[in-house]
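User: Hi! Could you walk me through this one while I have it open?
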Amino acid sequence: MRFLAGLVACALTLSAGSAMASDITNVRFGAYETHTRIVIESETPLDSRAFTLAEPVSRLVVSFDQAGWDVPTLPNRQGEGEGLVGRFQFDGQAGAPRLVFALNSPSTVDHHFSLAPDGGGYRTVVDLAPVGATAFQQTSGFPSESRNMAQFLVENAVVSAAPPACEAVRVVIDPGHGGRDPGALARFGGGDEADVNLAAGLVLRDLLNATGRYEVIMTRDRDVFVDLYDRVEIARQAEADLFISLHADSAGDSTGPEGATVYSMNHRAVDRARSRAISQGDWVDPNRPEEVSRILVEMSLTNKESQSERFADALRTEVGRVQPLFRETAMRANFAVLIDAEVPAVLFEMGFLTNRSDARRLNSATDRRRLMQSAASAIDEHFAHCQGGGSDRYIAQNTASASSTR
Ligand SMILES: [Zn+2]
């Protein structure tokens, strides 16, 4: 989640640079027969929202535009509630500071208002009333209006042009098929697709390693079966900067289709990537509004698409110098291995095992090395355009200029 971490870090930096936060000075409770009252005291008036969440545990969230914590009796930022409220804690680290209250039983926000000081501090008041389980499910959830951080991210949507990071560049090489899945079968002797893919992948690995500029991760480095989604997962866990899947095509007869094709993901693959990301735990943070998570996914997908296409162009250009291309233009497909929401990814069909000339090249150590050298050159070229301090700095610079012109 390098990309996501960069965004959130930059959002936090900027919000910290604006007005001083008003401190919460006390949190107290009143348990009544009909409701439980929560009173949050502060030095200055606080803008807040209050909503309940049913998943993963029942809780009340009171989030603030700005707020610090200065409650002398609760230095650990947590305490015990009363009535409908169990333990609570203050979270000042999230994009929007918030108080999170565990609920002892299903309840709903009955009233939520602010009061001027009357001897003490400003008061934010939340009245909770008990409800049935069904009503609780229906009334719980993140408020639908986008706010603060979401707006901030949209207004500063400069990251789609972010170049890849320069330092510790991680490249995942994915030799397609393997083990019980041979892929396209050899027709003129030599290896089946799985063997050809692996041989090429190992050459590319060695070429990249020799430069000393990359950390190379293989989805497989021997003849084993690896599930498609496990391959995606390897790239995601590695927080890879590039994923390149190696394949060999099959179509027609010995004089049929010839040459290489480079694919990036099409719209259906983007849709799959989006729903997969949303259903995945690490994109959805219960401590931030769901719409913020969705915006982050969109921004990451935009970034991934532009980087994947840029690399696909570079790869096609380099490969075209050393062997025929089946398609000279950008090609898109709905391949499962391309659908991580973050890692730029291409699928490289190196040639047709069904074509006699391609099959000869794919099985020749010399030609294979030449082809992989062209892939390595494309990777060098892709990462030559990275920014000096990595993408985080690039995002911060652009965001700073965006906010200064507002
Ligand atoms: Zn294949």
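User: Which residue stands opposite Phe 29 in β2?
Analyst: That's Ile 38. The model is predicted, so local features need pLDDT of at least 70 and side-chain atom pairs count only at pLDDT 80 or more, while totals for chains, interfaces and linings use all residues. Residues are numbered from 1 along each chain as its sequence is written, and side-chain values use heavy atoms, with hydrogens and water left out.

User: Thanks! How many bridges join β1 to β2?
Analyst: Seven, with β1 (residues 23-31) and β2 running antiparallel. A hairpin of four residues links the two. Strands here are DSSP runs of E, at least two residues, and helices are runs of H or I, at least four, numbered from the N terminus; two strands pair if DSSP finds at least two bridges between them.

User: And what does Thr 36 stand opposite in β10?
Analyst: Leu 128. Strand β10 (residues 122-130) is antiparallel to β2, again with seven bridges.

User: Is β2 mostly covered or open?
Analyst: Mostly covered: six of the seven residues in β2 (residues 36-42) are buried, meaning under 20% relative accessible area with a 1.4 Å probe, protein chains only (exposed is over 50%, partly exposed in between).

User: Switching topic, what are the protein donors of the zinc ion?
Analyst: His 177 (NE2), Glu 193 (OE) and His 247 (ND1), lying 2.1 Å from the zinc. Donors are N, O and S atoms within 2.8 Å of the metal (3.2 Å for Na, K and Ca); water is not among the atoms, so sites may look incomplete.

User: Why does the pair Glu 193 and His 247 tie together parts apart in sequence?
Analyst: Because Glu 193 lies in helix α4 (residues 193-211) and His 247 in strand β13 (residues 242-249), parts that are 54 residues apart in sequence. Both Glu 193 and His 247 are buried.
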